[in-house]
Amino acid sequence: MSDIHSMAHAIRFLALDAIRTAGEGHQGVPLGMAEIAATLYANHLKVNPDDPLWPDRDRVVLSNGHGSMLLYALLHLSGYKELSLDALKSFRKLGSVCAGHPEIEQHAGIEITTGLLGQGIASAVGMAVAEQRLQAQFGSDLVDHRAWAFVGDGCLQEGMGQEAISLAGHLRLGNLTFLWDDNQITDDGATGLSISEDIPARFRAANWQVIEADGHDISAIGAALSQAKTDPRPTLIAFRTIIAHGIPRLEGKRGGHSAPLTE
């Protein structure tokens, strides 16, 4: 578990350094989802960094693509050769594999360009559909992988996302898991300023399994990821997180004190 903590903090430092060097970028996603991402890649993801194009690899979609440094740091720490430290230093530079928003670079572990918010949700559903179709055609000995998607509040507010969510539940895509960064905050303030619906209830109504967990508790994250793989329905894991977790906060500010980066 200490290795996962170290990996999570490394994600934070790499993201902050790259964003500071570039002079722009979104810190909230890599800081807030670091433990979730580290646990997924360390213990639950079926991939081979030495063979990024292995056909039976799990697919990972960063729907909240503005937080691209989460994915780039993950791939670097996981051993993908294209995502070297020099590549991270070129974040947001013309021609860099580390663009400001993920561009499709499957040889580097970046599965798809997610585009506008909500499109990543639809893309992940499409990948899960393709996997199940191929498995039905060729059998689970050849085809047995999953689709995972990091999603944020903005992704879940878009119409195209809801259409894909409905289809995934109808088709019972048990090979699909959404990791929701449920931090209850937007650029303008609390999410309650723009949305009041019960999002987990919406997924339950669409025939999804819904799990709620602490997005900074590595044991709880691991248990939720394991549970997601046992249900024949698609799964939404609502990870309660604190945006920019790991950055010291003043007493009385939203979320109180955040966990120190040295834990």
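Analyst: Gly161 counts as buried because its relative accessibility is 1%. Buried means under 20% relative accessible area, exposed means over 50%, and partly exposed lies in between (1.4 Å probe, protein chains only). Gly161 sits in helix α8, residues 159–171. Helices (H or I, at least four residues) and strands (E, at least two) are DSSP runs, numbered from the N terminus. Leaving aside neighbours within four places in sequence, Gly161 is in contact with Gly118 and Ile121. Contact means heavy atoms within 4.5 Å.

A note on the model. It is predicted, so local features need pLDDT of at least 70 and side-chain atom pairs count only at pLDDT 80 or more, while totals for chains, interfaces and linings use all residues. Residues are numbered from 1 along each chain as its sequence is written, and side-chain values use heavy atoms, with hydrogens and water left out.

Arg172 lies in the loop between α8 and β3. Its phi is positive, about 55°, although Arg172 is not a glycine. Most residues other than glycine have a negative phi. Arg172 counts as partly exposed, at 39% relative accessibility. Arg92 also has a positive phi, about 65°, and is not a glycine. Arg92 is in the loop between α5 and α6 (119–138). Its relative accessible area is 30%, so Arg92 is partly exposed.

Now the sheet. Five strands form an open sheet in the order β1-β2-β3-β7-β6, with parallel pairing. Two strands pair if DSSP finds at least two bridges between them. The edge strands, β1 (59–62) and β6 (209–214), each pair on one side only. Four bridges link β1 to β2 (residues 147–151). Arg59 stands opposite Ala147 in β2. Strand β3 (residues 176–182) runs parallel to β7, joined by six bridges. There, Phe178 has Leu236 as its bridge partner. β6 and β7 also pair in the parallel sense, over six bridges. Ile211 stands opposite Ile237 in β7. In strand β7 (residues 235–240), five of the six residues are buried.

What packs together inside? The largest nonpolar core has 48 residues, and Tyr41, Met69, Leu70, Tyr72, Phe150 and Leu179 touch the most other members. A nonpolar core is a set of buried Ala, Val, Leu, Ile, Met, Phe, Trp, Tyr and Cys residues joined through side-chain atoms within 4.5 Å. Helix α1 (residues 2–22) gives the most to this core, with eight residues. A second, separate core has 25 residues, including Ala149, Cys155, Leu156 and Ala206. Leu179 touches Trp148, Phe150, Ile237 and Phe239, among others, not counting residues up to four places away in sequence.

Last, α1 itself. This helix has 21 residues and reaches 30 Å from its first C-alpha to its last, close to the 30 Å expected at 1.5 Å a residue. The expected span is 1.5 Å times one less than the number of residues. Buried residues of α1 include Ile4, Ala8, Ile11 and Ala15. An α-helix has 3.6 residues a turn, so residues three or four places apart point the same way. The cover over the buried residues of α1 includes α3 (34–44), α4 (68–78) and α10. Gly23 follows α1, with a positive phi near 80°.
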